[in-house]
Amino acid sequence: MGAFSAESDLVTGWCLFGVALLVILAFCWVYVRKYQSRRESEVISTITSIFALAIALITSALLPVDIFLVSYVKNQNGTFKDWADPNVTRQIEDTVLYAYYTLYSIILFCVFLWIPFVYFYYEEKDEDDGDTCAQIKTACKYTLGFLLVCAILLIIGAFVPLDIPHKKNSTEWEKVKFLFEELGSNHGLAALSFSISSLTLIGMVAAVTYTAYGMSALPLNLIKGTRNASYERLENTEDIEEVEQNIQRIKSKCKDGRPLPTRDRRALQQLEGRLRGLRRRGRRLEYVEKSCWTKFCGALRPLKIVWGVFFILVALLFTISLLLSNLDKALHSAGVDSGFLILGTNLTNPLNMLLPVLQTVFPLDYILITTIIMYFIFTSMAGIRNMGIWFFWIRLYKIRRGRTRPQALLFLCMILLLIVLHTSYMIYSLAPQYVMYGSQKYLIPNNVTTDGHSANGTAFGPKDCDANAPEGQCTITRTYLFLHKFWFFSAAYYFGNWAFIAVFLIGLVVSCCKGKKSVIEGDADEEDSDMSDDEPALYYG
C-alpha cells in the first residue's frame, strides 16, 4: 500500500511538470508572437525561437521536480520511507539525470546547430533573394564553425581533470573530496556538463548585462510612467516648425540659380531626414493620443505604481539574499580552488529559509521557483528592450513590440535561453541548502537527560542535511551535480554574482536619474523606413 501511495505521489509530481510544460509552450508562443515583426515574420524563425525558449524554461522547471524527488524519499523525522530502498532511490535519481541529459542535449543542438543555421539563412536571404540552395549552402558553411566549437567543448569536457588542486589534509578537505567523488567519472556526463557550463558562463555575462539592469529599470519605469502624449505631440509640432524653417533658410540660398555648397547640401539632407522622422513620430503620437488603450492604461496608473513598488522590493530581496550568500561563501567556503564550495549555511538569507519550508507542501516551492524564473525573464526583457542587443560597442538590433526582425528575434531568444540556463545557478546562490538537499533531514544522536542528569541511553533527533551527514543518509540533487562538475566554473559564477550586484546598484542610480520615457519609446526612430509606419506598439510603462 505504501509503495502504491509513493508511486501515485511521484506520478503526481511528474504530472504537474507536464502541466508546467504546456503552460511554458503557451507562454513562449504568446511572447514570441508579441515581439515578432508583422511585416517580416517568418515561420521557421518563429518556431525556432519558441522552441529554444521553451526548452530552456522546461529545463529550469525540472529543478523543483529534482528537489521534490530527493526530498520525498525521506520523512520529516529524518528516516527513510518504507519503500525507499537504495535501488528505488537510485532509479529516481537516474530518471531526473536522464531528463537532464535529454534537455541539455537539445539545448546544445539549438545553440550550436539549429539557431545558427536559421540565423545565417535569413541573413543570406536579406542579401540575396535569389538562389535558395546558395542560401542553405552559405548557412551550412557558417554553422560548421559553431559545430566545431561544440565538438571542442565536448572533447575538453570529457578529458579535463576533475581533481581539485590539493590542499592540506583536514576534515574540511575530506568533506570537499567526498562531494566531488559524488560527481562520478562518467566522461559523457563530464563532456555534457562542461559544454552546458560554458553556455551558462555566457548566460552569466548576459544576466549581468541585461537582467541586473532590468531589475532596476522595470520597476522604476512602472513607478515613473510615461510622458503625456498631448504634451509630446505639441513638442513634436514645435520641432517640425523649427526644422522646416531651417530647410527654407538653406533653400533660400539657391533662389538665384546658384548651386548649394557641399556643406549646405549635406545639412539639407540631414534636415529633410529628420523632418520625415518627426512627421512619422507626429502621426504615431496622434494615434496614441486618440487610442482607447492609452486611456485604459491611464486608468490603471495606480496599479502600475503598486506593481513597481512590489518589483523593486523583490529586486532588493534578491540582491540582499545574493549578497548574504556571497558573503557566506567568502567567509566560510572551502576556498577559490574548490569553486567556493560551501559546506553549510552560516549566514541565513530570507529565500534560503523560505524555500525549504515551502518545499514540504508541494507545489508551493514549484510556484515560487516559477515566479522567480519568470521575474528574471521579464527583467531581462526590460533590460534588452532598454539597451538593445550589442556586440561590444556595436549595436546590432533593437527589440520592439511587433517590429522585431527574424534575426533579432533569434538573437533575443538565444540570449534569454542562456540567461535561463544561468538562472539555475542564481537560484542556488540565493538558496544553496534548498538546491543541494531540499528538505531532507538525517538523524543525529542526542544525550537523554532526566531531571537534569544524563542518562545512559541515547536518542536520535532530526537535523537538516549538510556535508556532515553520514554517507548514504542524504541525496544530492542532480542539478547540483551538474552545477558543480567543474570547480573553476563555480569560481567564475561566484565573481559573476558580485558583478551582478554592482551592475544592479549602478542601474538603480541610472534609472532614478533618468526622466520619464516617451509614450512611443523605441517605436519611432529616424532610421525607420516609411514602410514601417503602421499602428505603433505602445510602451506600457
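Residues are classed as buried under 20% relative accessible area, exposed over 50%, and partly exposed in between (1.4 Å probe, protein chains only). The structure is a predicted model, in which local features need pLDDT of at least 70 and side-chain atom pairs count only at pLDDT 80 or more, while totals for chains, interfaces and linings use all residues. Residues are numbered from 1 along each chain as its sequence is written, and side-chain values use heavy atoms, with hydrogens and water left out.

The secondary structure of the chain comprises 16 helices and four strands, taken as DSSP runs (helices H or I, at least four residues; strands E, at least two) and numbered from the N terminus. Of the 541 residues of the chain, 50% are buried. The accessible surface (Shrake-Rupley method, 1.4 Å probe; for residues, only the protein chains shown count as cover) amounts to about 26200 Å², and 63% of it belongs to carbon and sulfur atoms. With contact defined as heavy atoms within 4.5 Å, 80% of the contacts between residues at least 6 apart in sequence join residues at least 24 apart.

A nonpolar core is a set of buried Ala, Val, Leu, Ile, Met, Phe, Trp, Tyr and Cys residues joined through side-chain atoms within 4.5 Å. The largest such core has 125 residues, of which L57, I107, L199, F318 and I384 touch the most other members. Helix α13 (residues 406–430) supplies the largest share of this core, 18 residues. Apart from this core lies another, of nine residues, including I240, L260, L271 and L275. Neighbours within four places in sequence aside, L57 contacts I24, F27, C28, I373, I377 and V420.

C28 is itself buried, at 0% relative accessible area. The closest cysteine sulfur to that of C28 belongs to C413 and is 7.8 Å away, too far for a bond. C512 is likewise in no disulfide, the nearest cysteine sulfur, that of C513, being 6.7 Å away. Zero disulfides (pairs of cysteine sulfur atoms within 2.5 Å) are found in a search of the whole structure.

On the surface, W293, F296, L300, L303, V306, W307 and F310 form a nonpolar patch with about 680 Å² of accessible area together. Patch residues have over 30% relative accessible area and no salt bridge, with nonpolar side chains (Val, Leu, Ile, Met, Phe, Trp, Tyr) joined within 5 Å and like charges within 9 Å; a salt bridge is a side-chain nitrogen of Lys or Arg within 4 Å of a carboxyl oxygen of Asp or Glu. Helices α9 (292–299) and α10 (301–332) each give two or more residues to the patch, and α10 contributes the largest share, four residues. F296 lies in α9 and is partly exposed because its relative accessibility is 43%.
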